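Here are some notes to read alongside the model. Please keep the backbone torsions and the core packing in view as you go through them.

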Amino acid sequence: MTWTVQGSLLDLSTTSSFKPLTGTVERVRLDRGAWVDLCRGWLVGSDTLLETLLTDVRWRAERRQMYDAVVDVPRLTSFYSCDEPLPDPLLTQAREVLSDHYEHELGERFATAGLCLYRDGRDSVAWHGDRIGRSRVEDTMVAILSLGSPRPLLLRPRDGGPTALRLPLGHGDLVVMGGSCQRTWDHAIPKTSAAVGPRVSVQYRVQGVR
């Protein structure tokens, strides 16, 4: 498959590097003990990594039961457990930098990486929380590195209601959802009719959380 990557006009660097997290992360406090950290353009020169992942990752199409039918999941995925090498050294470096920064608050290091490929505006993810495993009853963190065309991450309380937070993410942006966020809030990436290029989301989690 041939991809048309929409590069960032604000990040024209040909080399990739991470900005320091200390002093650059903005924390947004939600209610119910949840919070979200945001670092814009955390990975400088992120388009190079995007192009590598688009071609080198073995992307998988999934099908899931939805009420009375089995339907295609509207995105491609790839998952790396704690003992699997990641498809690019920058992803390993990102995991270690995130672990070093958040371990004192999280109590453990990030272990796994889940990758999602949103091919165009028709791909999406419905409202959900990462509540498979320990995160159903315990606080945890999910760190997401976004590459490629910006798509909005929406957040709302788990019991429904209007969207409380809308964060356009792409081109090396980092968002970390922490505290009770996975238990008490839901998040989503909606479909869009706008002409958007591919986006890859890299989700770092602790062991035993999906």
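1. Strands and helices here are DSSP runs, numbered from the N terminus; a strand needs at least two residues and a helix at least four. The model is predicted. With that naming, H171 sits in the loop between β11 (165–169) and β12 (173–179).

2. Look at the torsion of H171. Its phi is positive, about 50 degrees, yet H171 is not a glycine. Most residues other than glycine have a negative phi. Is H171 buried or exposed? H171 is buried, at a relative accessible area of 16%, and the cut-off for buried is under 20%.

3. R32 is another non-glycine residue with a positive phi, here near 65 degrees. R32 belongs to the loop that links β2 (26–29) and β3 (34–39). R32 is partly exposed, with a relative accessible area of 42%.

4. Now the helix α2, residues 89–106. It has 18 residues. From first C-alpha to last it reaches 23 Å, close to the 26 Å expected at 1.5 Å a residue. Where does α2 bend? The bend is at D100, by about 40 degrees.

5. Check both ends of α2. At its start, a side-chain oxygen of D88 comes to within 2.9 Å of the backbone nitrogen of L90. After α2 comes G107, with a positive phi near 90 degrees.

6. Which residues of α2 are buried? They are L90, L91, A94, R95, L98, S99, Y102 and L106. An α-helix has 3.6 residues a turn, so residues three or four places apart point the same way. Keep that spacing in mind when reading the list.

7. The largest nonpolar core has 36 residues. Those with the most contacts inside it are W42, L91, L98, L115, L147, V200 and Y204. Elements giving two or more residues to this core are β3, α1 (46–56), β6 (69–80), α2, β7 (112–118), β9 (142–148), β12 and β14 (199–205). The largest share, six residues, comes from α2.

8. Y204 deserves a separate look. What does Y204 touch, leaving out residues up to four places away in sequence? Its contacts include L91, A94, R95 and L98, and these four are among the buried residues of α2. Y204 also touches L86, F110, T112, A113, M141, V142 and A143.

Notes. Residues are numbered from 1 along each chain as its sequence is written. This is a predicted model: local features need pLDDT of at least 70, side-chain atom pairs count only at pLDDT 80 or more; totals for chains, interfaces and linings use all residues. Side-chain values use heavy atoms; hydrogens and water are left out. The expected span of a helix is 1.5 Å times one less than its number of residues. The bend at a residue is the angle between axes fitted to the seven residues ending there and the seven starting there. Buried means under 20% relative accessible area, exposed over 50%, partly exposed in between (1.4 Å probe, protein chains only). A polar contact is a pair of N or O atoms within 3.5 Å; within protein, one must be able to donate a hydrogen and the other to accept it, and residues adjacent in sequence count only if both atoms are side-chain atoms. A nonpolar core is a set of buried Ala, Val, Leu, Ile, Met, Phe, Trp, Tyr and Cys residues joined through side-chain atoms within 4.5 Å. Contact means heavy atoms within 4.5 Å.
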